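The following exercises concern the structure shown below.

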Amino acid sequence: MHSSLAFTAVKLIGAVYLIGLGIWTWRSAALNAAPVPYRQRRPKGADSVYAQALLANVLNPKAAAI
């Protein structure tokens with residue numbers, strides 16, 4: 001019973017994350033209509049990349065199953 005509730009919670013959190021990611025991507029694409037040349041783009045910081053990777057791994061149900 002508890003694992004069923006936990007799995008449902010993980011699925012819902014993952015769905016909210018994916019919807020939020022889609023909205024964020026859609027809005028950022030609308031704001032950045034003019035493409036920026038590759039050399040002028042600012043690289044992402046190590047903290048941002050680490051946070052994204054950690055969030056993706058925590059919300060991945062396959063990673064939790066192992």
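The model is predicted, so local features need pLDDT of at least 70 and side-chain atom pairs count only at pLDDT 80 or more, while totals for chains, interfaces and linings use all residues. Residues are numbered from 1 along each chain as its sequence is written, and side-chain values use heavy atoms, with hydrogens and water left out.

**Exercise 1. Determine the secondary-structure pattern of the protein and the confidence of its elements.**

Step 1. Helices (H or I, at least four residues) and strands (E, at least two) are DSSP runs, numbered from the N terminus. The protein has three helices and zero strands, and its pattern along the sequence is α-α-α.

Step 2. The predictor's confidence in each residue is pLDDT, from 0 to 100. The protein has a mean pLDDT of 80, with 74% of its residues at 70 or more. Where pLDDT is low, the predicted coordinates should not be read in detail.

**Exercise 2. State what share of the residues is buried.**

Step 1. Buried means under 20% relative accessible area, exposed over 50%, and partly exposed in between (1.4 Å probe, protein chains only).

Step 2. By this criterion, 3% of the 66 residues count as buried.

**Exercise 3. Locate proline 61 and identify its contacts.**

Step 1. Proline 61 lies in helix H3 (residues 61-65). Because its relative accessibility is 41%, proline 61 is classed as partly exposed.

Step 2. Contact means heavy atoms within 4.5 Å. Apart from neighbours within four places in sequence, proline 61 is in contact with Phe7 and Val10.

Step 3. Proline 61 and phenylalanine 7 are 54 residues apart along the chain, and their C-alpha atoms are separated by 8.1 Å.

**Exercise 4. Classify the exposure of valine 58 and of leucine 21.**

Step 1. Valine 58 belongs to helix H2 (residues 46-58). Valine 58 is exposed because its relative accessibility is 57%. Its C-alpha atom is 9.5 Å from that of glycine 14, at a sequence separation of 44 residues.

Step 2. Leucine 21 belongs to helix H1 (residues 2-31). With a relative accessible area of 33%, leucine 21 is therefore partly exposed.
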